[in-house]
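My notebook is open, and I'm going through this one piece by piece. Here is what I looked up, in the order I looked.

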Amino acid sequence: MNAPVSKEPLDARDRPARLTVGVVGAGRVGPALAASLQLAGHRPVAVSGVSDASRRRAAELLPDVPLVEPAEVLARAELVLLTVPDDVLPTLVEGLAETGAVRPGQLLVHTSGRYGARVLDPALRAGALPLALHPAMTFTGTAVDVQRLAGCSFGVTAPQELRLAAEALVIEMGGEPEWIAEESRPLYHAALALGANHLVTLVAQSMELLAKAGVAAPDRMLGPLLGAALDNALRSGDAALTGPVARGDAGTVAAHIGELREHAPQAVAGYIAMARATADRALAHGLLKAELAEDLLVVLADQERRPGGPGPGETR
């Protein structure tokens, strides 16, 4: 079980002093976090970015903060945000440590959901203070991201002696710290990706299908429905399941798949996979009768085997 986050007032020694802040990787996350820290009294002093888009984001969210090379960011900042893609992070940390860019006592923060603090071990050996602070939020790369950090949960992993400092930084950004054990980071990240990233795909597919069905404003139609579904799911979990799969309406499900084969064949595999997962959960929680589940699973298996259906293993 995760250790509870301390709600006691922070001792002055555990509060981060007003720090100079640098950003390595001006994607959608780094500039927003630095701007949030600026509102809390810290001072962004340097940012690195390669693409035109990253440079524009830095200019919008961190105006007048100079764009420099990563090593120079570390030379100028006491608190450095490493906001690069997950697969790039280990190599970046090793390179910065090997070239002597990391300074003793420097706070080095990465925002990867996948990794805990251990990925920063090369920097730790160079004397840095390692923190993993992952905001459980989707980012747009605009100023709205700073506002969305208010009340946002952060997955926090750090050495025990840095725990209060890590939590203090999150609170200063308006977030809520949630302690995640080092070994639980991959599972934690998978859970967030399953819920948030796949949701975008499902909603985009739904809007495309509604447009093909002649709906003039798919977003307006889906907004109240999806908002209610999300609210019900967060409140009630599997008890919120509704629709033809949860009811065991095998004929309706077969008709759906037939329509998808004609109008959106690329959506068939996903529909079957989600229908199967929904049926399993509805059955396990007593929402779907066993005899109806059997008919439904037969339909799904038959549709999966049909020519032009999903390939082996695609829906598992």
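Predicted model: local features only at pLDDT ≥ 70, side-chain atom pairs only at ≥ 80, totals over all residues.

**Entry 1: a covered pair.** I checked glutamate 304 and arginine 276, and both are buried (buried means under 20% relative accessible area, exposed over 50%, partly exposed in between, with a 1.4 Å probe and protein chains only). They form a salt bridge, with the closest N and O atoms 2.9 Å apart. For that term I used a side-chain nitrogen of Lys or Arg within 4 Å of a carboxyl oxygen of Asp or Glu. The pair links distant parts of the chain: glutamate 304 is in helix 13 (residues 290-305) and arginine 276 is in helix 12 (residues 268-284), 28 residues apart. Helices (H or I, at least four residues) and strands (E, at least two) are DSSP runs, numbered from the N terminus.

Residues are numbered from 1 along each chain as its sequence is written, and side-chain values use heavy atoms, with hydrogens and water left out.

Entry 2: How many salt bridges turn up in a search of the whole structure? I got 8. One of them joins glutamate 172 to arginine 18, with the closest N and O atoms 2.7 Å apart. Glutamate 172 is in helix 7 (residues 163-172) and arginine 18 is in the segment before strand 1 (20-24), so this pair ties together parts 154 residues apart in sequence. I looked up their cover too: glutamate 172 is partly exposed at 24% relative accessibility, and arginine 18 is partly exposed at 43%.

**Entry 3: arginine 163.** I found arginine 163 in a salt bridge with glutamate 167, the closest N and O atoms being 2.9 Å apart. Both lie in helix 7, 4 residues apart, about one turn of the helix. Arginine 163 and glutamate 167 are both buried. The charged end of arginine 163 also sits over the ring of tryptophan 179, 4.3 Å from its centre (the rule wants NZ of Lys or CZ of Arg within 6 Å of the ring centre and within 35 degrees of the ring normal).

Entry 4: I traced an open sheet of 7 strands in the order 2-1-3-4-5-6-7, with mixed pairing; two strands pair if DSSP finds at least two bridges between them. Which strands stand at the edges? They are strand 2 (43-48) and strand 7 (176-179), each with a single partner strand, so one side of each has no neighbour in the sheet. Strand 1 and strand 3 (residues 79-82) run parallel and are joined by 4 bridges. Glycine 22 has valine 80 in strand 3 as its bridge partner.

**Entry 5: helix 1.** Is helix 1 (residues 30-39) mostly covered or mostly open? Mostly covered: 8 of its 10 residues are buried, among them Gly30, Pro31 and Leu37. Glycine 41 follows helix 1 and has a positive phi, near 105 degrees.

Entry 6: Aspartate 64 is not a glycine, yet its phi is positive, about 75 degrees. I located aspartate 64 in the loop between helix 2 (52-61) and helix 3 (70-76). At 82% relative accessibility, aspartate 64 counts as exposed.
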